[in-house]
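Subject: Structure handover

Hello,

Here is the structure I said I would pass on. My notes on what was found in it follow below.

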Amino acid sequence: PTSLDATVRWAHAAVVDAPPAAFPTRWWTLLADGRVQCDVCPRACKLHEGQKGLCFVRAREDDQIVLTTYGRSSGFCVDPIEKKPLNHFLPGTSVLSFGTAGCNLSCRFCQNWDISKSREIDTLADAAGPETIARAAAQQGCASVAFTYNDPVIFLEYAADVADACHAAGIRTVAVSAGYVCPGPRQELFSRMDAVNVDLKSFSDDFYRQVCGGHLQPVLDTLEWLVANGVWVEVTTLLIPGHNDGDAEIGELTAWMVEHLGADVPLHFSAFHPDYKMLDVPPTPPATLTRARQIALDQGVRYVYTGNVHDLEGGTTWCPGCGAAAVERDWYRINGYRLTGDGHCTACGTKIVGVFDGPPGEWGRRRRPIHLATHEDDGR
């Protein structure tokens, strides 16, 4: 659908006080056997009338694929941008974050499984059109809007329209994604993003197949596309004990990043905690993250971080020129900032790569849920 189509459909929905139940899409193919194939992601779900894809939100209705969650959200929240995690994109600022329901991967370790694996419409407790979201972000003082909690790939039409509305209002856009998407939809969605954090689950195709129900190569293709097309990108890998935390795999992953993405793409190693279908796996020891960080640094990755643990060294941005602490962080709070407005180290003048726009924000660690259906702050 065109942006005008989206505006008209949402305007009509607003009159009847409900988002559209079935939003038409264009990434699908009618097959010779009568089924309709969804072409958004490499899973290529082939559907009979009335069926839904594995993501649960893209369905076949009237011989086409429709999006069933356009305008619906599992919730909106104002977060620190560092929580995405993005450490080199407008540090210290707040971001209006939201997701919908469903996912096109089936990760056994999913940390947001109550949202990404939801099959209940009741999960979608809030609603807002693109212009409402952009306006709310501006009124809340947010520098950006993030599509997160579940993967925006599966609600790309809604995300694309929201991104257009945000850019028209001077608000930047962020996607948190597993990057499991086909080339056409990849361009449609990510060309509208100012920054993307890609969740690189592992550097093993066996891991992707057995643990996530997908494949590695499409994710690597997405990462290369983002860098080649000038989108700011950071990478996160959740290290799971005994599954993807070996020295050899971490070495291969980080060597690939340096060769294919460049040494300046930030990498976040995050700690796993038992959840969903991996309750029998222990939490990641902090020492594992420290070891992985050192391997990445030894491979030449210039900016390497640790997450889900309290680690002042692993949370700090270190200047690659002089070694000074350019941005000191304690969890999501910035305690020291030694960069010029455009991101140069004040000690030696080295450029710290990223998106910097004047002094840092002062949002800190706060997390504030808001309700956009009525656009009322809940006061927290």
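Helix 8 (residues 247-260) and helix 9 (residues 286-299) pack at about 40°, their axes 9 Å apart. Helices here are DSSP runs (H or I, at least four residues; strands are E, at least two), numbered from the N terminus. Axes are lines fitted to C-alpha atoms over the stretch in contact, and angles run from 0 to 180 degrees between N-to-C directions. The angle therefore makes helix 8 oblique to helix 9 (under 35 degrees counts as roughly parallel, over 145 as roughly antiparallel, 65 to 115 as roughly perpendicular, the rest as oblique). On the helix 8 side, the contact (heavy atoms within 4.5 Å) involves Asp247, Ile250, Gly251, Thr254, Ala255 and Val258, and on the helix 9 side Arg291, Ala292, Ile295, Ala296 and Gln299.

This is a predicted model, in which local features need pLDDT of at least 70, side-chain atom pairs count only at pLDDT 80 or more, and totals for chains, interfaces and linings use all residues. Residues are numbered from 1 along each chain as its sequence is written, and side-chain values use heavy atoms, with hydrogens and water left out.

Helix 3 (residues 130-139) packs with helix 4 (residues 156-168) at about 50°, with axes 8 Å apart. Helix 3 and helix 4 are therefore oblique to each other. Pro130, Glu131, Ile133 and Ala134 of helix 3 meet Tyr158, Asp161, Val162, Ala165 and Cys166 of helix 4.

As for the whole chain, it has 10 helices and 21 strands. Of its 380 residues, 55% count as buried (under 20% relative accessible area, with a 1.4 Å probe and protein chains only).

Regards

Methods
Buried means under 20% relative accessible area, exposed over 50%, partly exposed in between (1.4 Å probe, protein chains only).
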